[in-house]
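Please examine the sequence and the model displayed below.

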Amino acid sequence: MSTGYQVDVDELSGTVAKLHAVAASLDCSQTSAAYDTSLAAGTLGAGFGGADVLQGTHTAMQEWIAEMISTIQSLIHTYGSQTKAANDAYRDHEQQTARDFYSAA
């Protein structure tokens, strides 16, 4: 009996599919952060320095949120690609092992 480890390639595939669904759902959040939360000039007031600071801070937060979502999506894409490559390698190895086993018999 083998004491090695096994890789559940179906679970890897499922994980990749779930991660891609998360990445796709973040598209909506990124769009909302960039466009649905915009503040028109003067919305926070006019004629005092605090309004400009608030407007600038709001814009910086919009950009930061969009950047974080993009970073998460990139991480998911990278992890998904690596997981798919590992999944493919395990499947190829299993198929080669089966071919070797049956051709040796």
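Helix α1 has 28 residues and reaches 40 Å from its first C-alpha to its last, close to the 40 Å expected at 1.5 Å a residue; the expected span is 1.5 Å times one less than the number of residues in the helix. Helices here are DSSP runs of H or I with at least four residues, strands are runs of E with at least two, and both are numbered from the N terminus. This is a predicted model, in which local features need pLDDT of at least 70, side-chain atom pairs count only at pLDDT 80 or more, and totals for chains, interfaces and linings use all residues. Residues are numbered from 1 along each chain as its sequence is written, and side-chain values use heavy atoms, with hydrogens and water left out.

The secondary structure of the protein chain comes to two helices and zero strands. The C-alpha atoms of the protein chain fill a box of roughly 90 × 20 × 15 Å along the principal axes. Its radius of gyration is 24 Å, whereas a compact globule of 105 residues would have a value near 13 Å; the radius is taken over C-alpha atoms, and the globule rule is 2.2 Å times the number of residues to the power 0.38.

Which part of the protein chain counts as buried? Of its 105 residues, 15% do, where buried means under 20% relative accessible area, exposed means over 50%, and partly exposed lies in between (1.4 Å probe, protein chains only). In α1 the buried residues are Val9, Leu12, Val16, Ala23, Leu26 and Ala33, and what covers them includes α2. The buried residues of α2 include Ala51, His58, Ala66, Ile69, Gln73, Ile76 and Asn87, and the buried residues of α2 pack against α1, which covers residues 9–36. In terms of contacts (heavy atoms within 4.5 Å), residues 24 or more positions apart account for 80% of those in the protein chain with a separation of 6 or more.

Leaving aside neighbours within four places in sequence, glutamine 73 is in contact with Ala23, Leu26, Asp27 and Gln30. The side chain of glutamine 73 also reaches the backbone oxygen of alanine 23 at 2.8 Å.

Two further pairs relate sequence separation to distance in space. Alanine 34 lies in helix α1 and is partly exposed, at 29% relative accessible area. Alanine 34 and threonine 59 are 25 residues apart in sequence and 9.0 Å apart in space, C-alpha to C-alpha. Serine 74, placed in helix α2, counts as partly exposed at 41% relative accessibility. Between serine 74 and serine 103 there are 29 residues of sequence separation and 43 Å in space, C-alpha to C-alpha.

Side chains of opposite charge can pair when their charged atoms come close. The structure holds one salt bridge, defined as a side-chain nitrogen of Lys or Arg within 4 Å of a carboxyl oxygen of Asp or Glu. Lysine 84 and aspartate 88 form this bridge through their side chains, at 2.9 Å from N to O. Because the two residues are four residues apart in helix α2 (residues 49–104), lysine 84 and aspartate 88 are separated by about one helical turn. An α-helix has 3.6 residues a turn, so residues three or four places apart point the same way. Lysine 84 is partly exposed at 48% relative accessible area, and aspartate 88 is partly exposed at 32%.

Aromatic rings complete the account. Rings of Phe, Tyr and Trp (its six-membered ring) pair if their centres lie within 6.5 Å; planes under 30 degrees apart count as stacked, over 60 as edge-to-face and the rest as tilted. By this rule the count comes to one aromatic pair. The rings of phenylalanine 101 and tyrosine 102 have centres 5.3 Å apart and planes at 75°, so the pair is edge-to-face. Phenylalanine 101 counts as exposed at 57% relative accessibility, and tyrosine 102 is exposed at 63%.

Key:
Polar contact = N/O pair within 3.5 Å; in protein donor to acceptor, adjacent residues only side chain to side chain.
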